[in-house]
Amino acid sequence: MTKPMDELWSYLKNKSQQLWVFIALESTTKFWIGFELGSRTTYTANRLVKGIKKLGKWGKDNILKVATDKLAAYKNALENIMSEIPYAYLQIVKRRIKRRLVTVKKYFVKGTVKDFPGKSQNTSFIERLNLTLRQHISYLQRKTLGYCKNKLNFSNVMWINLFNYNYIQFHKSLRIRINNENEKFIKKYNHNTPAMQMGLTNSPLNWRYLITVPIPCK
């Protein structure tokens with residue numbers, strides 16, 4: 001299971017107060033692991049990687065597999081936080097000229113090609129999540145009057161969208177074919193949410209569950 005990480009640009013009140021959103025995804029199940037708000041530095045990347053580390057080992061892989069862009073903050077964070085945990089790290093470096101993608105290079109910072117089989121040698125899955133978030137959250141749209149004035153409000157909106165993405169919405173890429181017939185009005189697929197694919201739930205949840213679920217007190 002590869003865990004790509006990426007960041008999105010935003011701001012508070014005006015564009016001089018930049019606020020970056022660091023996010024992490026599990027590529028196989030499309031489960032949105034978490035996010036952190038802050039500057040585009042190692043400090044914010046550290047907090048994101050710490051959140052991944054707290055979740056423990058996922059799947060049958062013996063090592064953690066991470067794919068990111070060329071931002072050095074990810075490399076520093078992995079070296080700082082994951083020093084005691086075996087991991088493989090792949091950087092996808094994309095070069096653009098006048099907004100057109102020219103070249104894509106892969107750098108295996110730690111590990112080899114064998115650690116990233118199949119379609120795991122890319123960051124396309126998390127870039128698709130970036131687009132989904134920009135379409136759903138006005139704070140992340142590049143040209144909008146719906147800019148954010150409060151970091152706490154930003155964080156709350158992100159958590160709401162994380163719950164919706166992981167536990168409520170079906171993902172087309174996760175559907176399972178159950179009927180090969182082409183007749184109309186026959187169910188052809190079983191649809192899954194990322195949480196269902198992860199084995200966390202047996203069915204999609206709803207907003208009532210989010211509002212009424214009891215929260216344990218320490």
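This is a predicted model: local features need pLDDT of at least 70, side-chain atom pairs count only at pLDDT 80 or more; totals for chains, interfaces and linings use all residues.
Visitor: What is the volume of the largest pocket, in Å³?
Guide: The residues closest to the centre of this pocket are Asp6, Glu7, Asp69, Arg96 and Glu127. They belong to a lining of 21 residues. The volume of the largest pocket is about 610 Å³.

Visitor: Which element gives the largest share of the lining of the largest pocket?
Guide: The elements that give two or more residues to this lining are strand E1 (2-11), strand E5 (87-97) and helix H3 (124-136). The largest share is five residues, and the element that gives it is E1.

Visitor: How many residues of the lining of the largest pocket are charged?
Guide: The lining divides into three kinds of residue. Eight are nonpolar and three are polar. The number of charged residues is ten.

Visitor: Is Thr2 buried or exposed?
Guide: Thr2 is found in strand E1. Leaving aside neighbours within four places in sequence, Thr2 is in contact with Leu25, Glu26, Ser27, Lys65, Val66, Ala67, Phe116 and Ser120. Buried means a relative accessible area under 20%. Thr2 has 4%, so this residue is buried.

Visitor: Why does Tyr107 count as partly exposed?
Guide: Tyr107 has its place in strand E6 (residues 100-110). Beyond its neighbours within four places in sequence, Tyr107 is in contact with Tyr89, Leu90, Gln91 and Val93. Tyr107 counts as partly exposed because its relative accessibility is 40%.

Visitor: What separates the C-alpha atoms of Tyr107 and Arg177, in Å?
Guide: Along the chain, Tyr107 and Arg177 are 70 residues apart.

Visitor: What length does helix H4 reach from its first C-alpha to its last?
Guide: Helix H4 (residues 151-168) has 18 residues. At 1.5 Å a residue, 26 Å is expected. The model comes close to that, and H4 reaches 25 Å.

Visitor: Which elements are included in what covers the buried residues of H4?
Guide: The buried residues of H4 include Phe154, Met158, Leu162 and Tyr165. Residues three or four places apart in an α-helix point the same way, because there are 3.6 residues a turn. What covers the buried residues of H4 includes E1, strand E2 (18-26), strand E3 (31-38), H3, helix H5 (194-198) and helix H6 (207-212).

Visitor: At the start of H4, which residue has the backbone nitrogen that a side-chain oxygen of Asn150 reaches?
Guide: The side-chain oxygen of Asn150 comes to within 2.8 Å of this nitrogen. The backbone nitrogen belongs to Leu152.

How values were computed: Residues are numbered from 1 along each chain as its sequence is written. Side-chain values use heavy atoms; hydrogens and water are left out. On a 1 Å grid over the protein atoms alone, a cavity is a set of points where a 1.4 Å probe fits but cannot get out, and a pocket is an open set with protein on both sides within 12 Å along at least five of seven lines; lining residues have an atom within 4 Å of a point. Grid points are joined across faces, edges and corners, and a volume is the space filled by probe spheres set on the points. Helices (H or I, at least four residues) and strands (E, at least two) are DSSP runs, numbered from the N terminus. Ala, Val, Leu, Ile, Met, Phe, Trp, Tyr, Cys and Pro count as nonpolar, Asp, Glu, Lys and Arg as charged, and the others, Gly among them, as polar. Buried means under 20% relative accessible area, exposed over 50%, partly exposed in between (1.4 Å probe, protein chains only). Contact means heavy atoms within 4.5 Å. The expected span of a helix is 1.5 Å times one less than its number of residues. A polar contact is a pair of N or O atoms within 3.5 Å; within protein, one must be able to donate a hydrogen and the other to accept it, and residues adjacent in sequence count only if both atoms are side-chain atoms.
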